[in-house]
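I opened the notebook to look up the salt bridges in this model. My plan was to list a few pairs and check how buried they are.

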Amino acid sequence: MAVEPDVKRALIVVDMQEDFCPPHGSLSVPLGRTITPLINSLLSLPSTTFPLKIATKDWHPPSHISFASNHPPKLPFVDYTLITNPFNPSESYTTRLWPDHCIQGTPGAELIPELDVSSITHTIEKGTDPRVEMYSAFYDPFKSPRVSDSGLADLLKQNEVNEVWVVGLAGDYCVKCTAEDSLAEGFSTYLLEDGTKAVDPGSWEALKEELKGKGVRVVKREDEVVKRLFGES
């Protein structure tokens with residue numbers, strides 16, 4: 001595509017890891033692997049289109065608070081737990097519990113081999129603090145004070161990025177929260193719908209409308225703005 005001097009983009013590929021993908025992932029997202037070819041086509045675009053191509057990884061310690069195994073007798077998917085800011089007891093939120101997944105240094109935490117990692121410029125590890133859930137690639141939900149910050153916002157701003165494109169897994173959790181925080185940080189934000197899948201596919205349509213209402217631009221491969229990325233219009 002033609003160089004747009006006022007636009008500097010980053011592509012964020014969220015959590016394309018073995019534990020999130022069929023057939024063996026402990027928290028596999030339905031059809032999660034099928035989005036890889038489209039993501040690779042984005043990664044193959046020149047640096048004039050995406051100067052930054054960032055992969056994120058859930059990178060949890062075994063004691064992570066989101067694991068149902070750390071809250072017996074609670075069960076993954078169906079049970080929840082209350083998380084309190086360790087620095088501010090007045091701030092808390094309830095989060096869904098999951099099977100153990102993406103434990104640091106395990107095969108399940110690795111990026112899937114089909115992903116073209118040769119094109120990745122930066123890798124961000126998130127969810128490293130056992131005390132907080134961190135769906136967003138930017139930071140945990142706490143604000144007063146923040147508990148865990150990946151440094152992603154600083155990386156984007158240091159590189160003068162003003163437009164962010166988000167793909168990966170899962171659409172209704174980490175991709176959604178990453179897109180929301182990208183928007184909150186002041187970046188024009190696109191979520192490529194064909195480049196994500198949801199843990200709960202039935203929830204996606206409502207979540208998509210919620211994202212649009214906040215200002216995230218949810219687009220599809222056939223949309224003109226995406227065709228322009230690929231030099232097709």
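This is a predicted model: local features need pLDDT of at least 70, side-chain atom pairs count only at pLDDT 80 or more; totals for chains, interfaces and linings use all residues.

**Salt bridges, looked up pair by pair**

Arginine 33 has a relative accessible area of 22%, so I noted it as partly exposed.

I then looked for its partners. One is glutamate 18: the two side chains form a salt bridge at 3.0 Å, N to O. Both residues lie in the loop between strand E1 (9-14) and helix H1 (36-43), so the pair ties together parts 15 residues apart in sequence. Glutamate 18 is partly exposed at 24% relative accessibility.

Glutamate 114 is another partner of arginine 33, with the closest N and O atoms 2.6 Å apart. This pair links distant parts of the chain, 81 residues apart. I placed glutamate 114 in the loop between strand E4 (88-96) and strand E5 (122-126). Glutamate 114 counts as partly exposed, at 35% relative accessibility.

Next I turned to lysine 208. Is lysine 208 buried or exposed? At 7% relative accessibility, lysine 208 is buried. Lysine 208 forms a salt bridge with glutamate 193, and their closest N and O atoms are 3.1 Å apart. Lysine 208 sits in helix H4 (residues 204-214) and glutamate 193 in strand E7 (residues 188-197), 15 residues apart. Glutamate 193 is buried too, with a relative accessible area of 14%.

I also found a network: salt bridges with shared partners join Lys176, Glu180, Glu210 and Lys214.

Last, I checked the total. A search of the whole structure gives 17 salt bridges.

Conventions:
Residues are numbered from 1 along each chain as its sequence is written. Side-chain values use heavy atoms; hydrogens and water are left out. A salt bridge is a side-chain nitrogen of Lys or Arg within 4 Å of a carboxyl oxygen of Asp or Glu. Helices (H or I, at least four residues) and strands (E, at least two) are DSSP runs, numbered from the N terminus. Buried means under 20% relative accessible area, exposed over 50%, partly exposed in between (1.4 Å probe, protein chains only).
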